[in-house]
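Please look over the sequence and the structure shown here before reading on.

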Amino acid sequence: MTTQDHAPPRSVLEDLPGDLLIWVLIVSELAVFGAGLLAFLVVRLGDPSGFAAAQDQLHRVSASINTVVLVTSGWLAARATREAQAGRVGPTRLNLALAGLLGIVFLVLKGREYADAIARGLGTPRRTPSSPSTGCSPASTRPTSSPGSSSWPWSRSVPAPIRSRTGRSSGTWWTSSG
Amino acid sequence: MLTKAWTTLLALTALSAAAALLLPGLGAAGWTAPTAILLFAWLKARVVLSRYLGLAAVPSVARGFGVVLALFMLAAGGLTLAADAGARPAVAAPAQN
């Protein structure tokens, strides 16, 4: 009988690449973002056309650029991990520095995107003391019946100067999440 | 291997962007763009998990993530299609004489 016969079965957690804590973080992020995405899709069930119009206010190209930045940053971080495992300090630092730099690029691009959205009046409507706390416009501003009223609240929640500047209405609460 | 994964992710990102930008303009049905984007996102998630995060070396864990990811995508796809079905104008019933 050898010592291997008495060895406890190897846990799957021991096979995970990297530290266990980073996997806790990854699973937590997946759970939070997954729940958020499903919540968006559930909200979309109630007003698909309004949701589509809200999406038109966002920067699809900018979102793609940001994805490229994140994908490249992740690639550099993964490369840094491999370099560290091989004991190469210089390349590890270089890859990590570039990954961090792309993180800053992401923040700058996101900041510009948000600034532009805010300048166009996108975001949560201003609340008044009599308004509900649901993020919607006050009841007094709701149209009772009009063409396109299905897109409420956004068609009525944007100040006129912003509407004239953009050429279209905007301002649903869900667009604030970018 | 990492660089191949990176180029794959870039290609999938470009396809997602093309689907988001071009499909609505081509007169495609409303569900096509979001469904295509979901499929590309699914593929991207699989590449990230297996290559960037190294789960290709741990098939049992990769399978677990794959199953959960598949369930999530089914739920997301179902909600997407349900919203599109609800948005379609109802066909007018023929007049009864």
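Predicted model: local features only at pLDDT ≥ 70, side-chain atom pairs only at ≥ 80, totals over all residues.

Residues are numbered from 1 along each chain as its sequence is written, chains are lettered from A and ligands numbered from 1 in the order in which they are written, and side-chain values use heavy atoms, with hydrogens and water left out.

**Aromatic pairs**

- Rings of Phe, Tyr and Trp (its six-membered ring) pair if their centres lie within 6.5 Å, with planes under 30 degrees apart called stacked, over 60 edge-to-face and the rest tilted; by this rule there are 3 aromatic pairs over all chains.
- One of them is the tilted pair of Trp23(A) and Phe65(B), at 5.7 Å centre to centre and 55° between the planes.
- This pair joins two chains, because Trp23(A) lies in helix α2 (residues 20-46) of chain A and Phe65(B) in helix α3 (residues 59-87) of chain B, where helices are DSSP runs (H or I, at least four residues) numbered from the N terminus.
- Both Trp23(A) and Phe65(B) are buried, a term for under 20% relative accessible area, with exposed meaning over 50% and partly exposed in between (1.4 Å probe, protein chains only).
- Phe40(A) and Phe51(A) form an edge-to-face pair, with 6.2 Å centre to centre and 85° between the planes.
- Phe40(A) is partly exposed at 34% relative accessible area, whereas Phe51(A) is buried at 6%.

**Thr13(B)**

- Thr13(B), in helix α1 (residues 2-22) of chain B, is buried at 4% relative accessibility.
- Leaving aside residues up to four places away in sequence, Thr13(B) touches Ser64(A), Thr67(A), Val68(A), Val71(A) and Lys44(B), contact meaning heavy atoms within 4.5 Å.
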